[in-house]
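Student: I have a model open and would like to talk through some of its features. Could you take a few questions?

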Amino acid sequence: MDFGKIAFSAIQAQTELTSFSAWMAAHEYFGERVVLNEIAARPQMACLLGFTIMMPASDLIKFEFGIKGLFRADLAIGNDKSRQFVLVEFEGGEHDSLFKGGTRKYRHWSARLERGFGQVVDWGWAKHSHPGDAVFTSSFGGKVFDDCYIVVCGRNPPVGSLEEQRFDFRRTRVQLNGVPVRFYTYDNMLDAMTDNLAALLAR
Amino acid sequence: MDSHSIVVSYQAQEQFNRLSAKQQSDLTRLLSEDGPSHTRMEGQPDRYISRLGANLRVLWRKAGAGKAEVLSIVTK
């Protein structure tokens, strides 16, 4: 199995989330490598993305997770007992990370976002083509019972803009061979982590 | 609060989708009722925590027009 073990701590996750939130507040835009380093330095916070699919607290984590020796996810987290996994691809948080080029009326989806989604498609293919293949299952330490793919890219489009409406549609309607694909901006990711943590810490 | 009037935030959509039909129905009924089953969060007056069954915690807020917006559902 390619994963490392982690003992999730909501309190530690809160500390890491607070510092990441401060980092976000100080950086309006940022590149992929920079933000990935920030997230990799906060593994407990990263585990909060596992609650996207209501899996029990993550106990497996791996940054730069290889799939069949061909593909790679920036982050994989999972729960060993429930065999649930979330694979995450991080792109940059630049002003043009979601949309780039085109006309004022119709902006093109960015190459970064399409690249991130393209990697997700390859993860889905790797699972679909030979789900029981030893090379595939050994990476996960066994079968995968439930999973979800997340692409994190860009900052929120302007409220009420056409780009916001297009992104809203895309982020809520995509599945890949039955596996949900969630698209988050970094603002969405922060909101999701914050809300998941608040629910976890409640008595 | 008006019954059958919950909305689900984007961030909680995948969690809500994974509830059984009965759990979704129970959650809708739960959030349509005022009462002691909801705990107001400290420092955030519009946010509440409710228990759904033995091991699920639901974070939600009053979203206006009698609606409750589900923000997060976690297994605890």
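**A hairpin and its neighbours**

Tutor: Gladly! In this predicted model, β8(A) and β9(A) make a hairpin with 2 residues between the strands, and A:Asn177 in the turn has a positive phi of about 55°.

Student: In which sense do β8(A) and β9(A) pair?

Tutor: Happy to trace that. A:Leu176 stands opposite A:Val179 in β9(A). Strand β8 (residues 175–176) of chain A and β9(A) share 2 bridges, and the sense of their pairing is antiparallel.

Student: Over how many bridges does strand β7 of chain A pair with strand β9 of chain A?

Tutor: A:Val152 stands opposite A:Tyr184 in β9(A). β7 (residues 146–152) and β9 (residues 179–184) of chain A run in the parallel sense, and the number of bridges is 4.

Student: What span does helix α7 of chain A reach from its first C-alpha to its last?

Tutor: Helix α7 (residues 186–201) of chain A has 16 residues. The buried residues of α7(A) include A:Met189, A:Ala192, A:Met193 and A:Asn196. Residues three or four places apart on an α-helix point the same way, because there are 3.6 residues a turn. At 1.5 Å a residue the expected span is 22 Å, and the helix comes close to this, reaching 22 Å.

Conventions
Residues numbered from 1 in each chain as written. Chains lettered and ligands numbered in written order. Predicted model: local features only at pLDDT ≥ 70, side-chain atom pairs only at ≥ 80, totals over all residues. Expected span 1.5 Å × (residues − 1). Buried ≥ 20, exposed ≤ 12 C-beta atoms within 10 Å, placed from the backbone. Pairing = 2+ DSSP bridges.
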